Amino acid sequence: MSDIKIKITDRDGVLHEVDAPTDMNMNLMEVVRSYELAPEGTIGICGGMAMCASCQCYIKSDHSLPEKSDDEEAMLAEAFFVEDNSRLGCQIHMTDALDGLEVELAPEEA
């Protein structure tokens, strides 16, 4: 089993350093849900299909991430609180290259 360390700042501003498995094809949204870092029903509402922006986060570290898909771009274009470093957590799959990733969960949509 291979884990990486990532830092996630929740919506209350609390920093969590968590282990994320790279051998289970998990994405960032699923990691946040597994550690219960956001209240039930407030993140991953669409189930990770890039059809809502409930898992929007801000990338705080300098990691190289895959390009945004057209679906992710379209969803972020309609989301609240979007910044230049916004990504959908459901579109970021845990890989060894993301060890040390730092993210902040975007505020819940109004």
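A salt bridge is counted here when a side-chain nitrogen of Lys or Arg lies within 4 Å of a carboxyl oxygen of Asp or Glu. The side chains of glutamate 104 and lysine 60 meet in such a salt bridge, at 3.3 Å from N to O. The structure is a predicted model, in which local features need pLDDT of at least 70 and side-chain atom pairs count only at pLDDT 80 or more, while totals for chains, interfaces and linings use all residues. Residues are numbered from 1 along each chain as its sequence is written, and side-chain values use heavy atoms, with hydrogens and water left out.

Helices (H or I, at least four residues) and strands (E, at least two) are DSSP runs, numbered from the N terminus. Two strands are said to pair if DSSP finds at least two bridges between them. On this basis five strands form an open sheet in the order E2-E1-E5-E3-E4, with mixed pairing. E2 and strand E4 (86-88) stand at the edges with a single partner strand each, so one side of each has no neighbour in the sheet. On average, neighbouring strands are turned by 40 degrees against each other, direction ignored. For such angles, axes are lines fitted to C-alpha atoms, for helices over the stretch in contact, and angles run from 0 to 180 degrees between N-to-C directions. Strands of a sheet pair through backbone hydrogen bonds, either parallel or antiparallel.

Both kinds of pairing involve E1. E1 and E2 run antiparallel and are joined by seven bridges; isoleucine 8 has histidine 16 in E2 as its bridge partner. The hairpin of these two strands has five residues between the strands, and glycine 13 takes a positive phi near 85 degrees there. E1 and E5, by contrast, run parallel, with three bridges between them. Here threonine 9 has glutamate 104 in E5 as its bridge partner. At the other end of the strand order, three bridges join E3 to E4, and this pair runs antiparallel. Tyrosine 58 stands opposite serine 86 in E4.

Helix H2 lies across E3 and E4, running at about 120 degrees to E4. Glutamate 72 is found in this helix. Is glutamate 72 buried or exposed? Glutamate 72 is buried, with a relative accessible area of 1%; buried means under 20% relative accessible area, exposed over 50%, and partly exposed in between (1.4 Å probe, protein chains only). Contact means heavy atoms within 4.5 Å, and glutamate 72 is in contact with Arg87, Leu88 and Gln91, leaving aside neighbours within four places in sequence. With arginine 87, glutamate 72 forms a salt bridge (2.8 Å, N to O). Glutamate 72 lies in helix H2 and arginine 87 in strand E4, so the pair ties together parts that are 15 residues apart in sequence. Arginine 87 also counts as buried, at 6% relative accessibility.

A search of the whole structure finds three salt bridges. One of them is formed by aspartate 19 and lysine 5, with the closest N and O atoms 2.6 Å apart. This pair links strand E2 to strand E1 across 14 residues. Aspartate 19 is partly exposed at 31% relative accessible area, and lysine 5 is partly exposed at 40%.

The segment after E5 holds alanine 106, which is buried at 1% relative accessible area. Alanine 106 and tyrosine 58 are 48 residues apart in sequence, yet their C-alpha atoms are 6.5 Å apart in space. Beyond its neighbours within four places in sequence, alanine 106 is in contact with Arg11, Gln56, Cys57 and Tyr58.

A nonpolar core is a set of buried Ala, Val, Leu, Ile, Met, Phe, Trp, Tyr and Cys residues joined through side-chain atoms within 4.5 Å. The largest such core has 30 residues, and those touching the most other members are Ile6, Ile8, Leu28, Val31, Val32, Leu88 and Met94. Elements giving two or more residues to this core include strand E1 (3-9), helix H1 (28-34) and helix H2 (70-78). H1 gives the most, with four residues. Not counting residues up to four places away in sequence, methionine 94 touches Ile4, Ile6, Ala20, Pro21, Thr22, Met26, Asn27, Leu28 and Val31.
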